[in-house]
Amino acid sequence: MQLPRWWELGDPCAWTGQGRGTRRMSPATTGTFLLTVYSIFSKVHSDRNVYPSAGVLFVHVLEREYFKGEFPPYPKPGEISNDPITFNTNLMGYPDRPGWLRYIQRTPYSDGVLYGSPTAENVGKPTIIEITAYNRRTFETARHNLIINIMSAEDFPLPYQAEFFIKNMNVEEMLASEVLGDFLGAVKNVWQPERLNAINITSALDRGGRVPLPINDLKEGVYVMVGADVPFSSCLREVENPQNQLRCSQEMEPVITCDKKFRTQFYIDWCKISLVDKTKQVSTYQEVIRGEGILPDGGEYKPPSDSLKSRDYYTDFLITLAVPSAVALVLFLILAYIMCCRREGVEKRNMQTPEEQMKRPFIQVFQNLQ
């Protein structure tokens with residue numbers, strides 16, 4: 001039985017069989033059809049919803065594996081694809097992200113990370129982030145929406161906050177859940193709080209730090225801020241001792257008894273630690289003392305009344321043009337007199353008598369004959 005032309009072209013709905021009425025597709029056609037259906041439905045993903053808390057570090061990883069199946073040619077089951085993929089993130093309707101949200105991706109072969117600390121002003125307002133993935137080999141794109149629903153935290157803000165500077169870490173390494181968990185565990189051992197949260201993570205490059213040299217596997221460094229509900233431990237207070245302050249001023253490492261609990265994995269610069277006690281920050285009104293640099297109080301601003309008289313600027317316009325024009329005319333006359341009437345030949349000719357002026361042509365002719 002000769003198959004129709006549309007079967008030769010590979011129509012997945014073609015019928016095969018030995019006789020009339022058979023409606024069974026071949027295995028190859030079935031696989032192609034299922035792969036096509038899978039590839040179509042793989043592009044239809046519902047928006048992702050996340051629920052971070054205000055004042056607590058938010059981390060969302062953009063996994064390359066999640067987007068690989070959306071770029072043709074679609075990989076078969078078990079096939080490994082390692083195309084370079086980059087991401088672009090922005091707030092829906094705007095070219096950039098919100099001020100509290102940051103993004104980092106080192107290379108096209110690594111995952112991207114969205115991180116930041118939501119503020120209390122954004123509570124109850126869904127933040128829609130558009131995520132566009134670019135396949136740098138095939139130039140295909142895929143887009144998803146990330147809906148960030150910021151929740152209010154009962155213990156926000158935590159009153160005692162400490163910021164550590166870790167020298168031997170990059171920001172993407174610190175954002176890994178296992179590394180951040182190990183650091184919070186070490187802080188909890190030396191602080192012993194009931195509640196401990198990571199508040200924010202900032203790269204040292206965002207604080208004015210320099211890009212490290214590509215030798216000895218140097219890191220850029222990262223600032224990690226944590227908050228707790230109990231006062232600072234004596235170990236954390238040791239950095240405020242006069243001896244340690246003197247060592248820091250001399251660019252020497254201070255002596256911290258609990259440093260060994262971090263040193264196995266985290267190299268902390270104790271001279272850059274910042275301890276903030278929110279319970280002591282009471283806003284008090286201070287009277288402004290007038291002095292240098294402060295303008296006197298001019299009272300309330302009184303705008304001009306609406307019934308202003310119209311002013312004629314015609315006279316002012318004429319004066320503005322007449323005065324420069326008169327000065328220019330005088331200067332022009334003086335220059336013309338100097339250029340035309342005060343030349344050297346004209347002056348000598350004016351000094352001669354009429355008789356000398358009449359004899360001058362005959363003298364010139366006589367000189368030419370000689």
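Student: What should I keep in mind about the model and its numbering?

Tutor: This is a predicted model, in which local features need pLDDT of at least 70 and side-chain atom pairs count only at pLDDT 80 or more, while totals for chains, interfaces and linings use all residues. Residues are numbered from 1 along each chain as its sequence is written, and side-chain values use heavy atoms, with hydrogens and water left out.

Student: How many residues does helix 5 have, and how far does it reach?

Tutor: Helices (H or I, at least four residues) and strands (E, at least two) are DSSP runs, numbered from the N terminus. The expected span of a helix is 1.5 Å times one less than its number of residues. Helix 5 covers residues 177–191, 15 residues, and spans 21 Å from first to last C-alpha, close to the expected 21 Å. Just after helix 5, Gln-192 has a positive phi of about 60°.

Student: Which residues of helix 5 are buried?

Tutor: Buried means under 20% relative accessible area, exposed over 50%, and partly exposed in between (1.4 Å probe, protein chains only). In helix 5 the buried residues are Val-179, Leu-180, Phe-183, Leu-184, Ala-186, Val-187, Val-190 and Trp-191. Seen down the axis of helix 5, these buried residues fall within an arc of 155° (taken from the directions from the helix axis to the C-beta atoms), so they line one face of the helix. The face of helix 5 turned away from that side carries exposed Ser-177 and Glu-178.

Student: What covers the buried residues of helix 5?

Tutor: The cover includes strand 8, helix 4, strand 9 (196–203), strand 10 (222–228), helix 6 (234–237) and helix 8 (260–263).

Student: Where is Gly-181 found?

Tutor: Gly-181 is found in helix 5, and at 39% relative accessibility it counts as partly exposed. Gly-181 and Ala-198 are 17 residues apart in sequence, and their C-alpha atoms are 9.6 Å apart in space.

Student: Which residues does Met-169 touch?

Tutor: Contact means heavy atoms within 4.5 Å. Leaving out residues up to four places away in sequence, Met-169 touches Met-174, Val-179, Lys-219, Glu-220, Gly-221, Val-222, Gln-265 and Phe-266. Met-169 is in the loop between strand 8 (160–166) and helix 4 (171–174), and it counts as buried at 9% relative accessibility.

Student: How many disulfides does the structure hold?

Tutor: A disulfide is a pair of cysteine sulfur atoms within 2.5 Å. The structure holds 2 disulfides. One joins Cys-235 to Cys-258, S to S 1.5 Å. This pair links distant parts of the chain, 23 residues apart: Cys-235 is in helix 6, and Cys-258 is in the loop between helix 7 (242–249) and helix 8. Cys-235 counts as buried at 8% relative accessibility, and Cys-258 counts as buried at 6%.

Student: Which cysteine forms a disulfide with Cys-248?

Tutor: Cys-248 pairs with Cys-271, their sulfur atoms 2.1 Å apart. The torsion about the S-S bond of Cys-248 and Cys-271 is about -85°, so this disulfide is left-handed. With bonded cysteines counted along the chain, the disulfides follow the pattern 1-3, 2-4.

Student: Where does UniProt place the "transmembrane region"?

Tutor: UniProt positions are given in the numbering used here, feature names are shortened, and annotations may be inferred rather than shown by experiment. The unreviewed UniProt entry places this feature at residues 317–340. Over residues 317–340 the chain is 100% helix and 0% strand, with the end C-alpha atoms 34 Å apart.
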